[in-house]
Amino acid sequence: MSAADAQQIGIGALQGLASSTIFVLVLFIGFCVIVGFTKLKKTAGGGAMVVKSLDERISHIPMVYLTPNAPRGPADQLKSPELVEAAAVSKP
């Protein structure tokens, strides 16, 4: 095997590696873009361009989202008696 043959084998290997890498990147980026476009549908109730939940996607009923300061369930954990008492004690 001569130096020219080794050089040709090396160049061929690099070309094969580069072409397969580019193919996989194009395939992956194309898949991500196509899947990303499915998120650009308007929500049923609002003007947002993103589907926020599977329920919203299936039911087509406008979703009502709670405000950040709304209580979450039967007990608001951030205003529990222990935390209120601790906050009152820590104030000078």
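Predicted model: local features only at pLDDT ≥ 70, side-chain atom pairs only at ≥ 80, totals over all residues.
The protein chain contains three helices and zero strands, and reading along the sequence gives the pattern α-α-α. Among the elements, helix α1 has the highest mean pLDDT, at 92, whereas helix α2, covering residues 54-59, has the lowest, at 68.

How many of the 92 residues count as buried, as a percentage? The share is 4%. The accessible surface of the protein chain amounts to about 8200 Å², and carbon and sulfur atoms supply 71% of that area. Contacts tell a further part of the story: of those with a separation of 6 or more, 0% join residues 24 or more positions apart.

Turning to a local feature, a nonpolar patch lies on the surface. Leu-25 sits in helix α1, which runs over residues 3-37. Is Leu-25 buried, exposed or partly exposed? Leu-25 counts as partly exposed because its relative accessibility is 46%, a value between the 20% limit for buried and the 50% limit for exposed residues.

Definitions and conventions
Residues numbered from 1 in each chain as written. Heavy atoms only, no water. Patch = residues over 30% accessible without salt bridge, like charges linked within 9 Å, V, L, I, M, F, W, Y side chains within 5 Å. Areas by Shrake-Rupley, 256 points an atom, 1.4 Å probe, with all protein chains shown as cover. Salt bridge = Lys/Arg side-chain N within 4 Å of Asp/Glu carboxyl O. Helix = DSSP H or I, 4+ residues; strand = E, 2+ residues; numbered from the N terminus. Buried < 20%, exposed > 50% of the residue type's maximum accessible area, 1.4 Å probe, protein only. Contact = heavy atoms within 4.5 Å. pLDDT = per-residue confidence, 0-100.
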